[in-house]
Amino acid sequence: SSLRRVTFYSFFLPTTFKMGRMHAPGKGISKSALPYKRSPPSWLKISSADVEEHVCKLARKGLTPSQIGVLLRDQHGIAKVNAVTGSKIVRILKLSGLAPEIPEDLYMLIKKSRECPKASRKESQG
């Protein structure tokens, strides 16, 4: 009879379960949504060549691709470089020969692991 109860209640349960928070009532379902329209806004009066030149200039200063995207978004009003130029920041940098040797996310993981003190590494090993 307990087996029948489980199958009966399974119809009422949602198909995906969200983890509850320990100290808050929320279930964490908020998401960010990208705009449907993938063309640059009509008020943006900058050409694709200017954006690519700006991206290369910022890369020469030593900024990472994500920092370049944040700077273009916040200071120049270019929300998505891909919408203006048709290619992403990393691809623009690869074409101009300014791309980082290893991907940025992997670089940050390596950097984070190096910042850990050696004592904590010894503790985790044994």
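Surface patches are made of residues with over 30% relative accessible area and no salt bridge, nonpolar side chains being joined within 5 Å. In the predicted model described here, such a nonpolar patch is formed on the surface by Ile102, Leu106, Tyr107, Met108, Leu109 and Ile110, which together have about 510 Å² of accessible area. One of these residues, Met108, lies in helix α6, which spans residues 104-115. With a relative accessible area of 36%, Met108 is classed as partly exposed, because that class falls between the limit for buried residues, under 20%, and that for exposed residues, over 50%.

The protein chain as a whole contains 7 helices and 0 strands, so that, with helices numbered from the N terminus, the order of elements reads α-α-α-α-α-α-α. Its accessible surface amounts to about 11000 Å², and carbon and sulfur atoms account for 58% of this area. Of the 126 residues in the chain, 14% are counted as buried. Where contacts link residues at least 6 apart in sequence, 54% of them join residues at least 24 apart.

The largest nonpolar core comprises 14 residues, among which Val55, Ile68, Leu72, Ile78 and Val81 touch the most other members. Two or more residues are contributed to this core by each of α2 (48-60), α3 (65-76), α4 (81-85) and α5 (89-96), and the largest share, 5 residues, is provided by α2. For Leu72, when residues up to four places away in sequence are not counted, the residues touched are His54, Val55, Leu58, Gly77, Ile78 and Val81.

Terms used:
Residues are numbered from 1 along each chain as its sequence is written. This is a predicted model: local features need pLDDT of at least 70, side-chain atom pairs count only at pLDDT 80 or more; totals for chains, interfaces and linings use all residues. Side-chain values use heavy atoms; hydrogens and water are left out. Patches are made of residues with over 30% relative accessible area and no salt bridge: like charges are joined within 9 Å, nonpolar side chains (Val, Leu, Ile, Met, Phe, Trp, Tyr) within 5 Å. Accessible areas come from the Shrake-Rupley method with a 1.4 Å probe; for residues, only the protein chains shown count as cover. A salt bridge is a side-chain nitrogen of Lys or Arg within 4 Å of a carboxyl oxygen of Asp or Glu. Helices (H or I, at least four residues) and strands (E, at least two) are DSSP runs, numbered from the N terminus. Buried means under 20% relative accessible area, exposed over 50%, partly exposed in between (1.4 Å probe, protein chains only). A nonpolar core is a set of buried Ala, Val, Leu, Ile, Met, Phe, Trp, Tyr and Cys residues joined through side-chain atoms within 4.5 Å. Contact means heavy atoms within 4.5 Å.
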